[in-house]
Amino acid sequence: MPKAVPLRQAQKQFTHDRLVEAAVTEFCDRGYRTTTVDDIAARAGTTRATFYNHFTTKSDIIVELMESDSAFRPRWDELRAFPRKPNRELIRAWLADTTSRWAKHRDLISVIRQAVTIESELNAAQGERFQKTLTRFVEAIRHLGWSSDTEVRVEAMLLFAQLERIFSYWDFEDAGEAIVLDLLTENWWQAFQRAAKSAAKNASQEPAPS
């Protein structure tokens, strides 16, 4: 039997979650800059004092959202399962799934970006988040054959930055989602082809077994 959570702890977590949900709603409705602690507390049906029992500033909520972004995090395990030479259809399906997951949370992602540009202390958190994301990406595609850690990390950084920037600045419906995904797919396929060629070259240079 799972251990029962003490009532006080459960109530505290409930209030905490309500404050986060209220903050997200207010940030999306009003924008991060104009939303106040009082707005968040009122939306959550609580008080300013209660807010400060859980958070120091409203930027603390952004940090929490950045650290618990599993709802719109790409499915890295699917990349780990890619064959050495994934075809375009497989790559495109993964890209389509990722952009679809991001699109469902477009407003929240926009709020996080707003906050990072306003709150200087969030820049470090954003940088750490990107490095963690990049490391997950690198580990997911390392098996495709790049010859060095530097090479795979640079390729991963370029590929992911390209995907993220396009999503940030383009409206997929207006731009033509199919066209965007086709072009992204081609770029990713070319990168994975380079990995395969690198692996083949390394294999040809290995000394034959005695």
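Modeller: Let us begin with contact, which means heavy atoms within 4.5 Å. This is a predicted model, in which local features need pLDDT of at least 70 and side-chain atom pairs count only at pLDDT 80 or more, whereas totals for chains, interfaces and linings use all residues. Residues are numbered from 1 along each chain as its sequence is written, and side-chain values use heavy atoms, with hydrogens and water left out.

Colleague: Which residues does glutamate 26 touch, not counting residues up to four places away in sequence?

Modeller: With those sequence neighbours set aside, glutamate 26 touches Gly31, Thr35, Asp39, Ile40 and Arg43. Glutamate 26 lies in helix α1, where helices (H or I, at least four residues) and strands (E, at least two) are DSSP runs numbered from the N terminus.

Colleague: Is glutamate 26 buried or exposed?

Modeller: The terms rest on relative accessible area: buried means under 20%, exposed over 50%, and partly exposed in between, with a 1.4 Å probe and protein chains only. Glutamate 26 has a relative accessible area of 4%, so this residue is buried.

Colleague: With which residue does glutamate 26 form a salt bridge?

Modeller: In general, side chains of opposite charge can pair when their charged atoms come close. A salt bridge here is a side-chain nitrogen of Lys or Arg within 4 Å of a carboxyl oxygen of Asp or Glu, and by this rule the count comes to 13 salt bridges. One of them joins glutamate 26 to arginine 30, with the closest N and O atoms 2.4 Å apart. Because these two residues are four residues apart in helix α1, about one helical turn separates them. Arginine 30, at 47% relative accessibility, counts as partly exposed, whereas glutamate 26 is buried.

Colleague: Which pair links distant parts of the chain, ten residues apart?

Modeller: Arginine 48 and aspartate 38 form a salt bridge in which the closest N and O atoms are 3.2 Å apart. This pair links helix α3 (residues 48–54), which holds arginine 48, with helix α2 (residues 37–44), which holds aspartate 38. Arginine 48 has a relative accessible area of 42% and is partly exposed, and aspartate 38, at 42% relative accessibility, also counts as partly exposed.

Colleague: Where do glutamate 164 and arginine 113 lie?

Modeller: Their closest N and O atoms are 4.0 Å apart, and the two residues form a salt bridge. Glutamate 164 lies in helix α9 and arginine 113 in helix α7 (residues 106–118), so the pair ties together parts that are 51 residues apart in sequence. Glutamate 164 is buried, with a relative accessible area of 17%, while arginine 113 is partly exposed at 24%.

Colleague: At what angle do helix α1 and helix α4 pack?

Modeller: Axes are lines fitted to C-alpha atoms, for helices over the stretch in contact, and angles run from 0 to 180 degrees between N-to-C directions. Angles under 35 degrees count as roughly parallel, over 145 as roughly antiparallel, 65 to 115 as roughly perpendicular and the rest as oblique. Helix α1 (residues 7–30) and helix α4 (residues 59–67) pack at about 100 degrees, their axes being 10 Å apart, and are therefore roughly perpendicular to each other. The residues that meet are His16, Leu19, Val20, Ala23, Val24 and Phe27 in α1 and Ile61, Ile62, Glu64 and Leu65 in α4.

Colleague: And how do α1 and α7 pack?

Modeller: The angle between α1 and α7 is about 85 degrees, with their axes 9 Å apart, which makes α1 roughly perpendicular to α7. In this packing Val24, Phe27 and Cys28 of α1 meet Asp107, Leu108 and Val111 of α7.

Colleague: Which residues of the largest nonpolar core touch the most other members?

Modeller: In soluble globular proteins, nonpolar side chains tend to be buried together. A nonpolar core is a set of buried Ala, Val, Leu, Ile, Met, Phe, Trp, Tyr and Cys residues joined through side-chain atoms within 4.5 Å. The largest has 29 residues, of which Leu79, Trp94, Leu95, Phe137, Ile141, Trp188 and Phe192 touch the most other members. The elements that give two or more residues to this core are α5 (76–80), α6 (88–104), α8 (121–141), α9 (149–169) and α11 (177–205), and α11 gives the most, with eight residues. Apart from this core lies another, of 22 residues, among them Tyr32, Ala44, Leu108 and Ile112.
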